[in-house]
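Thanks for coming, everyone. Please put the model up on the screen, and then we'll walk through it together.

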Amino acid sequence: MFSYAESFLSRPEAAKKIQLIHAPFWLGGGRAGAELGPESIVEAGMKRQLMHMGLELAEEIVVDVPRLAAEPAASGTKMKYLAEVKEMAGLLGEQVHRAAAGGRFPLVLGGDHSIAIGTLAGLTGHRGNLGLIWFDAHGDLNTEDTTPSGNIHGMALAAAIGRGSFTLADIPGAGPFIRKENVVIIGARDLDPGEREYIRAEGIRCFTMHEIDRMGIHAVMEQAIAIAGDGTDGVHVSFDLDVLDPLEACGVGTPVPGGLNYREAHYAMELLAESGLATSLELVEVNPLLDPSRRTSRLAVELAASLLGKRIL
Ligand SMILES: NC(=[NH2+])NCCC[C@H](N)C(=O)O
Ligand SMILES: [Mn+2]
Ligand SMILES: [Mn+2]
């Protein structure tokens, strides 16, 4: 039987020192505004919240990612802004690696989801056997051949597990690919034909909204934690805010109806906190231009707090 208490004891994390890393990058999503995500999340109170919880903060890092490009350069590939994505991933990976190797908990603020390629390049350079929990309305498992849009944020998970022509291996400093056996997708409800085929053929563990409705978020998270934690030396949580229902979080580039509600999302984070497994977190796809109320950014703060141990009682 899987027990949270046991897993917690087997992985004693020292009192966490948090390393906030800004990745103000939008070129992987093809929609301007995501580069404003990190600032918006900090303005919504991220640092205040973490300090209030008694967590120690390292000096925050803003990665100098490519920010402007008029048109995707003609590069003989369907992948838009590939050169910029590679540059971003190299720079971000370096910072994430340094934080993890220094014993700090990397908390990466995006940016569109292509930044996960940088985060994971840095993390896999430090941990050779990382588990991965991918909260997302989408699969992000496209390749150059299956992408309907050319946007690399829709290929980020594929790159992490070594599917397609552009992968983690193209980023200097990256370690081994994430093993498919230790990957879990949670909250999917908009998968492209090539992604569905791949998930079925490879047996990727994907808890769609259908499974969440059927099993409940508790059972889904229990299984997800077991899969990502099985034999791994750390678990990265990649949280695309579009996994939430657009009624809760409208400030995302590619909203899809029918997502996680507020309570499910918090409960998922709370179970992760109890498991003690998460060794890093990224919050991606916040686009404050699409949410003048900044509710999406505030939610990002709250969810990070829950994952890092904030409790009601
Ligand atoms: N990280 C995201 N929001 N990804 C959206 C991807 C949408 C679509 N599946 C594509 O590949 O273009
Ligand atoms: Mn995504
Ligand atoms: Mn998404």
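Which elements do the buried residues of helix 4 pack against? They pack against strand 1 (17-23), strand 3 (61-62), strand 4 (105-110), helix 5 (115-126) and strand 9 (278-284).

Some ground rules. This is a predicted model, where local features need pLDDT of at least 70 and side-chain atom pairs count only at pLDDT 80 or more, while totals for chains, interfaces and linings use all residues. Residues are numbered from 1 along each chain as its sequence is written, and chains are lettered from A and ligands numbered from 1 in the order in which they are written.

Now the whole chain. It has 11 helices and 9 strands. Both are DSSP runs numbered from the N terminus: helices are H or I with at least four residues, strands are E with at least two. The C-alpha atoms fill a box of roughly 55 × 40 × 40 Å along the principal axes. Of the 313 residues, 55% count as buried. Buried means that 20 or more other C-beta atoms, placed from the backbone, lie within 10 Å of the residue's own. Contacts come next: two residues touch, in this sense, if their C-beta atoms, placed from the backbone, lie within 7 Å. Take the contacts with a separation of 6 or more: residues 24 or more positions apart account for 76% of them.

Back to helix 4. Helix 4 covers residues 82-101, which is 20 residues. From first C-alpha to last it reaches 28 Å, close to the 28 Å expected at 1.5 Å a residue. That expected span is 1.5 Å times one less than the number of residues. Its buried residues include Val-85, Ala-89 and Leu-92. Just after the helix, Gly-103 takes a positive phi of about 80 degrees.

What about the core? The largest nonpolar core has 100 residues. Such a core is a set of buried Ala, Val, Leu, Ile, Met, Phe, Trp, Tyr and Cys residues joined through C-beta atoms within 7 Å. Its largest share, 8 residues, comes from helix 4. Ile-117 is among the residues with the most contacts inside the core. Leaving aside neighbours within four places in sequence, Ile-117 contacts Val-85 and Ala-89, among others. In soluble globular proteins, nonpolar side chains tend to be buried together.

Next, strand 1. Ala-23 sits in this strand. Why does Ala-23 count as buried? Because 30 other C-beta atoms lie within 10 Å. Ala-23 and Ile-115 are 92 residues apart in sequence, yet 7.0 Å apart in space, C-alpha to C-alpha. Contacts of Ala-23 beyond four places in sequence include Leu-92, Val-108 and Pro-38.

Pro-24 is in the loop between strand 1 and helix 2 (37-43). Pro-24 is buried too, with 20 other C-beta atoms within 10 Å. Outside its sequence neighbours within four places, its contacts include Pro-38 and Gly-111.

One more loop, between strand 9 and helix 11 (295-307): there we find Val-286. Val-286 is buried, with 32 other C-beta atoms within 10 Å. Its C-alpha is 8.3 Å from that of Ala-300, 14 residues along the chain.

Last, the ligand. How many residues surround ligand 1? There are 15, and the closest are His-113, His-138, Ser-149, His-153 and Gly-154. To be counted, a residue needs its C-beta atom, placed from the backbone, within 6 Å.

Terms used: A residue is buried if 20 or more other C-beta atoms lie within 10 Å of its own, exposed if 12 or fewer, and partly exposed in between; C-beta atoms are placed from the backbone.
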